[in-house]
Amino acid sequence: MTIQQVLLLLLLWMWLPHPCHTEMLFRRTPDLRSKSYGGRASGNDGKAIHRQKRGWMWNQFFLLEEYTGSDYQYVGKLHSDQDKGDGSLKYILSGDGAGTLFIIDEKTGDIHATRRIDREEKAFYTLRAQAINRRTLRPVEPESEFVIKIHDINDNEPTFPEEIYTASVPEMSVVGTSVVQVTATDADDPSYGNSARVIYSILQGQPYFSVEPETGIIRTALPNMNRENREQYQVVIQAKDMGGQMGGLSGTTTVNITLTDVNDNPPRFPQSTIHLRIPESSPVGTAIGSVKATDADTGKNAEVEYRIIDGDGTDMFDIVTQKDTQEGIITVQKPLDYETRRLYTLKVEAENTHVDPRFYYLGPFKDTTIVKISVDDVDEPPVFSRSSYLFEVHEDIELGTIIGTVMARDPDSASSPIRFSLDRHTDLDRIFNIHSGNGSIYTSKPLDREISQWHNLSIIAAEINNPKDITRVPVYVRILDVNDNAPQFAVFYDTFVCENARAGQV
């Protein structure tokens, strides 16, 4: 305690009545229900008379806590109206702390406290008083119970159960929104003075937050607090007793307040136009690239859905929302051909999936961008005019006769010349050959339908400038029959005839 507080308490003590110096008196009280205490006396008529019970006359004792004097602190005095001052009576004290904390002068009845007392440890003590005849040890008064109540002084500061609190409140909350309540306790006596009357104030955290003096409820104090500008706040709350007046004791606690996110920011594409490239040979389902709209919010408030809403490639491409990265992945839906079309334009939209109606006025909660997709040329293999060829030829044609021609072209814009060849694994007898420049197939050996009616050939087309890039096409050659074989008996007939056979006999 400070010197000023001690002086203030001493002044208050001087002006207050001092019931702790109360004298506990015995007096005669007519009590027909009382029992006698064994002593007999004789009247003039010689009959025995009974002494009536004598009762205690007393007030509650009070004792100031935290006494710092060097002498024992005086509590009060016990006194019986039977005490003639001749030392014949003996006062006895029993109960809470009797003989240790509280001692009594058995002759005078004066009670003292032997040490400093803390009301927060024990607020009152219940004791019993007794007056007895010192010679006979018989009670001259009935035993009576009394209380020594400890008067409180402001020697305990308010304390918070937590040194640091953690709380949160949604951003953009209206002024006065409740954040959290902090409560301090004071061990002093709440029923005596203002020692335990706590008032709350804010030491740090203004002008963003305020605190209700009586309840300790922390509220927002500024409108439109934006998480995207500042997310964390540290607020220091003071609790002061004595109703917050000067001289009161105080304690503090820290409250860490986080602004939680609300959807008050629409998604925005960082660029108005995005350029992507893809080879024409990319198969269906290939991912071309991604687009991403940024959102200053977090969590579900930042989730967006992507869609293609316009453009000349809506049937050629699709967009899928990647939930974990919040990107829009653009994929190929149909085969691409550089020679047919080299550039596509898409209009892509990104829209928040969780919109808060309170913040419609900050919208719209969507944005668009233009995506230009360039198709890159790829050196493609030659393309035959047909997927397969069928040629029919008579078996009696001359050697070197052309039986048919295959055609192939380079699909690339360069239109490189084509070289043709015959896969000899499909013509082991080398019956056919092909002109490498124009794709004409001709015979190099005689054909015989009776030996082979069909020939299945594989023709290879390759670019002269890139011979490794080849294409194959099947060619089916059907051999047509001609009358080039005389009849033959199936078996040799060996027969006999008699020399005298008649004409016409089989």
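How many aromatic pairs does the structure hold? The structure holds nine aromatic pairs. The model is predicted: local features need pLDDT of at least 70, side-chain atom pairs count only at pLDDT 80 or more, and totals for chains, interfaces and linings use all residues. Residues are numbered from 1 along each chain as its sequence is written, and side-chain values use heavy atoms, without hydrogens and water.

**View 1. The aromatic pair of Tyr-208 and Tyr-233.** The two rings are tilted, at 5.0 Å centre to centre and 55° between the planes (rings of Phe, Tyr and Trp, the last by its six-membered ring, pair if their centres lie within 6.5 Å; planes under 30 degrees apart are stacked, over 60 edge-to-face, the rest tilted). Tyr-208 belongs to the loop between strand E14 (199-204) and strand E15 (209-211), whereas Tyr-233, 25 residues apart, belongs to strand E17 (residues 232-240); strands are DSSP runs of at least two residues, numbered from the N terminus. Tyr-208 is partly exposed at 27% relative accessible area, while Tyr-233 is buried at 8% (buried is under 20%, exposed over 50%, partly exposed in between, with a 1.4 Å probe and protein chains only). Ring pairs join Phe-209 to Tyr-208 and Tyr-233 in a cluster.

**View 2. Charges over tyrosine rings.** The charged end of Arg-230 sits over the ring of Tyr-208, 5.2 Å from its centre. Lys-122 lies over the face of Tyr-125, 5.4 Å from the ring centre. Such a contact requires NZ of Lys or CZ of Arg within 6 Å of the ring centre and within 35 degrees of the ring normal.

Technical notes
Helices (H or I, at least four residues) and strands (E, at least two) are DSSP runs, numbered from the N terminus.
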